[in-house]
Amino acid sequence: MSNSTEPVNSNLEEVTPAFFKSKFDNSLSYIEYKDLVLSLAANKDTTGDNKSEGRIFNTKLNSVRMNRLDKTIVILPGITKALLNLKKELVWLVLTESWCGDSAQNLPAINKIAELSDKIHLGFVFRDDNPELMDCCLTNGTRSIPKVICVNKEDYSLLGTWGPRPDPAQAMMREYKEKKHKEYDEVQQDIAIWYTNDKCVTIQNEFIALIKDWENS
């Protein structure tokens with residue numbers, strides 16, 4: 001159901017289709033989400049109730065990251081091929097926050113993929129505004145984001161999840177949590193460097209596999 005190398009504590013199977021539909025119906029489009037991040041950055045603000053300097057700074061940094069990635073992502077041929085074979089209409093509901101660095105690094109690629117097919121419907125909701133949804137798809141007991149929840153648009157039945165990071169980046173975070181061999185800021189910098197070098201290739205390859213899995217579920 002998920003690509004993550006971390007255990008996903010999922011109770012999503014117990015969530016009703018009507019619940020999923022209501023969340024998607026009230027979600028933001030990518031353009032609306034990005035415009036909000038840009039506006040918050042310009043006004044030295046952030047999503048959520050925690051208005052710490054760190055989160056405000058990260059929101060500003062993320063606005064720059066998203067702009068850059070929107071202009072530089074190169075779509076892999078395998079993505080186009082996977083989408084050509086897509087028969088189901090899929091809803092991708094994404095839990096995120098403006099201050100989340102992993103969201104800024106991954107959501108532009110997810111949006112680029114979704115834009116290539118009229119069978120993919122993408123929406124964004126905020127983690128802290130939706131605890132009842134977030135707590136149904138914890139990663140190793142934590143509210144890690146971004147989290148993509150994929151449902152079949154025909155009946156809003158659950159097909160799977162992705163998140164919060166591509167597997168190599170998630171492995172770096174897992175090693176940090178297990179060994180505490182570095183400072184948290186240092187491992188975050190290592191992950192940021194990995195994202196820069198990867199150029200959104202790994203997340204695309206993961207979604208090629210996931211689209212095939214979700215199509216056949």
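Buried residues are those under 20% relative accessible area, exposed residues those over 50%, and partly exposed residues those in between, computed with a 1.4 Å probe and with protein chains only. The model is predicted, and for this reason local features need pLDDT of at least 70 and side-chain atom pairs count only at pLDDT 80 or more, whereas totals for chains, interfaces and linings use all residues. Residues are numbered from 1 along each chain as its sequence is written, and side-chain values use heavy atoms, with hydrogens and water left out.

View A. Helices (H or I, at least four residues) and strands (E, at least two) are DSSP runs numbered from the N terminus. Along the principal axes, the C-alpha atoms fill a box of roughly 45 × 35 × 35 Å. Of the 217 residues, 51% count as buried, and the accessible surface comes to about 10,400 Å², of which carbon and sulfur atoms hold 51%; the areas come from the Shrake-Rupley method with a 1.4 Å probe, and for residues only the protein chains shown count as cover. Among contacts (heavy atoms within 4.5 Å) with a separation of 6 or more, 78% join residues 24 or more positions apart. The 27 positive and 32 negative charges have mean positions 4 Å apart, where Lys and Arg count as positive, Asp and Glu as negative, and His and the chain ends are not counted; each charge is placed at NZ of Lys, CZ of Arg, CG of Asp or CD of Glu.

**View B. The largest nonpolar core, with 34 residues.** Trp92, Ile110, Phe207 and Trp214 touch the most other members of this core, a nonpolar core being a set of buried Ala, Val, Leu, Ile, Met, Phe, Trp, Tyr and Cys residues joined through side-chain atoms within 4.5 Å. Beyond its neighbours within four places in sequence, Ile110 is in contact with Trp92, Leu122, Val148, Trp162, Ile203 and Phe207. Another core, of 19 residues, lies apart from the largest one and has Leu12, Phe20, Val125 and Ile149 among its members. In soluble globular proteins, nonpolar side chains tend to be buried together.

**View C. Asp102 in helix α5 (residues 101–115).** Asp102 has a relative accessible area of 8% and is therefore buried. When neighbours within four places in sequence are left aside, Asp102 is in contact with Ile145, Pro146, Pro164, Arg165, Ile191 and Tyr195. Two of these partners belong to cis peptide bonds: one bond joins Ile145 and Pro146, with omega about 5°, and another joins Gly163 and Pro164, also with omega about 5°. Pro146 is placed in the loop between β4 (137–139) and β5 (147–152), while Pro164 is in the loop between β6 (157–162) and α7 (167–179).

**View D. Asn140 and Lys180, each with a positive phi.** Asn140, in the loop between β4 and β5, has a phi of about 55° although it is not a glycine, and its 45% relative accessibility makes it partly exposed. Lys180, in the loop between α7 and α8, has a phi near 50°, and its relative accessible area of 55% makes it exposed.

**View E. Asp190 in helix α8 (residues 184–198).** Because its relative accessible area is 21%, Asp190 counts as partly exposed. Not counting residues up to four places away in sequence, Asp190 touches Met172 and Lys182. Met173 lies 17 residues from Asp190 in sequence, and their C-alpha atoms are 9.6 Å apart.

**View F. Leu36 in helix α2 (residues 30–42) and Gly48 in the loop between α2 and α3 (53–72).** With a relative accessible area of 29%, Leu36 is partly exposed, and it touches Leu28 and Phe126 when residues up to four places away in sequence are not counted. Gly48 is likewise partly exposed, at 23% relative accessibility. Leu36 and Glu115, 79 residues apart along the chain, have C-alpha atoms separated by 19 Å, whereas for Gly48 and Arg127, also 79 residues apart along the chain, the C-alpha separation is 8.7 Å.
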